[in-house]
Amino acid sequence: MKHYVKMVWPYVIWAALIIVLPLLLIILYSVTKNGNELVNIQFTLENFKRMTEPVYMAVFIKSFELGILSVVICLILGYLLAYFIAGFQEKVQNLLILLVTIPMWINTLLRTYAWISLLSDNGLINSFLEMIGLQPLNMMYTDFAVLIGLVSDLLPFMVIPIHTSLCKIDQSLIEASMDLGANRFQTFWRVTFKLSIPGVLNGVIMTFLLSISTFVIPKLLGGGQYTLIGNLIENQFISIGDWNFGSAISVILAIIILVSITLMKRIDKDEIEEE
Amino acid sequence: MKKSGIAKKVFSVASVLGLCASMLAGCGSGGGSKPTLKVYSWGEYIDTSLLRDFEQEYDCKVIYETFDSNESMYTKLQSGETYDILVPSDYMIERLIKEDSLQPIDWTKISNASNLADDVMGLDYDPDNTYSVPFFYGNVGILYDTTVVDSADLSEGWELLRDEKYANDIYMYDSERDSFMIALKALGYSMNTSNTDEIDKAYEWLLEQHSSMNPVYAGDDVIDNMISGNKALAVVYSGDGSYIMAENEDLGFLVPEEGTNVWQDAMVITKDCTEVDLAHKYMDFMLRPESAYANTVEVGYTSTVAESRDKAAKEDFAGIDSYIPDMSRSQDEVFRYQDKETKAYFAELWTKVKASN
């Protein structure tokens, strides 16, 4: 077994090059100023101090609200869907899971543009509403549009882990629960749901990660004035050219995500210990 | 049983690899030893069939890539990507000249130079056209829906964008310099100011507009949205305006009296360019009246080639007054290079305008 250890080295070097090095660069940028002139570095905490200004704090809060809201919607829809799918025979289940993943084969950008043509002021939905004599709705560039875009994009990441843990549940446990006098709801809540918590947590973590750092969907469906953390970072790098401030925001976002994941992992552990 | 399973797996892996390889081969072929020209330009800024004609005529290959803002182009250059020809705007060209990234143009190699209109030459950003060959030009104005906007309100100029009658009904342009240009001009300042008091007032103007008007800061999506008449007012470049008005008759184009930005996009050759001769041939090709005509009709932006411009104005954009912008108004300005501090100051305020909710 021992000589296999050597085979890890290429991976370690690879990981150092494409993961650790860029991360270190981001951290370096975040505590320096003067853009990408790395020749004469000046250290500063100015970039982090700027983040405490109310304007930027408001962006953070808004991103979190939207992130949590889309996770909750994904969780409700995703759990129902996963539960529904898990009720079928295995062959049908495979097919249904395939159907859930098919949208992921199509580029996110393309799917978002599809939403634009559905939701825009003269889009398909409004044309239909007008046809049946109803008032057209203003849906583009609102929270609603961004939420729809996010939820439809993230749903598979919720459905798949939940479905996996639902499938792993031993049917005899449910039968035992029924035999011992629990009704259907009790069985679901105290047996099925409890056993599916690892999947739920995985799904929540994944969708939360993706929704909190997204920038394409809010930019396209929310318009240029719709600023979430991801857009803030994108602007700093692409249009404004302040790589230092952009890096500082990225570092803070990374820390927040790290802390949230640790907290959620702890819930997972507590649940298991309780068993 | 097991063996056939493995064989099946090997077969499927092999076929996937084969598929990938054939795709790669498809990308690689055709490169050969032909001279290659890498052009980096705005999206939807050319009649792409011209590229094929050029490739055939000079037996070369053109790699044509596009950007959506001067700033993102600059970021890409900073990341180490190299190109032969760029087509950025005035102030960005000035910056590239100052940073010594461009090669001077050898005008003797451009036989079609005489086709260029007089009023597009020698703008302030490159007074002798040492580095730049003008490609498209225009100004910035307000596109308005004549069925919604009261023509008496047009005298408000830029303040029309803060007229609460049209709240929730406007598109601003999602660009720092263009937005501040509007605010500065509305307040009667120069759009190239570095006076922080004036910039602060412009910032207040934009903040106030953001909260009272709830504008959508749009990019190129404004084109489709205004063609379908989604909102009453939109800040657009004259070229986009012409294109949109050619598709939607209910629109008018207002160039406010307070003054606006007159801009120009020009072809420049980078220091990295190795095929200098071919690059000059490319620019010369684009200045042929028939090429310039094809471009302007395709894109809607105003050609710098006088003959093509006049033909398009008469035939394709008849009655659309935004097509030939007035270059003689003294209140209009060209964007100039901003020093680092000023740029950083604007950038921070712009971030705040967009982030305010």
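Because the model is predicted, local features need pLDDT of at least 70 and side-chain atom pairs count only at pLDDT 80 or more, while totals for chains, interfaces and linings use all residues. Residues are numbered from 1 along each chain as its sequence is written, and chains are lettered from A in the order in which they are written.

Start where the chains meet. Two residues are in contact if their C-beta atoms, placed from the backbone, lie within 7 Å. The contact between the chains takes 22 residues from chain A and 22 residues from chain B. On the chain A side, helix H3 (54-86) and helix H12 (229-240) are the elements giving two or more residues. H12(A) gives the most, with 6 residues. Helices (H or I, at least four residues) and strands (E, at least two) are DSSP runs, numbered from the N terminus. The chain A side divides into 9 nonpolar, 10 polar and 3 charged residues. Here Ala, Val, Leu, Ile, Met, Phe, Trp, Tyr, Cys and Pro count as nonpolar, Asp, Glu, Lys and Arg as charged, and the others, Gly among them, as polar.

Now turn to chain B. An automatic or database domain assignment gives domain 1 (36-137 + 264-315) and domain 2 (138-261 + 331-355). Their C-alpha centres lie 26 Å apart. The contact between them takes 16 residues from domain 1 and 14 residues from domain 2. On the domain 1 side, H4(B) gives the most, with 5 residues.

The largest nonpolar core has 141 residues. Such a core is a set of buried Ala, Val, Leu, Ile, Met, Phe, Trp, Tyr and Cys residues joined through C-beta atoms within 7 Å. A residue is buried if 20 or more other C-beta atoms lie within 10 Å of its own, exposed if 12 or fewer, and partly exposed in between. Helix H7 (residues 143-168) of chain A gives the most to this core, with 12 residues. Domain 1 and domain 2 of chain B both give residues to the core, so it lies between them. Among the residues with the most contacts inside the core is B:Val235.
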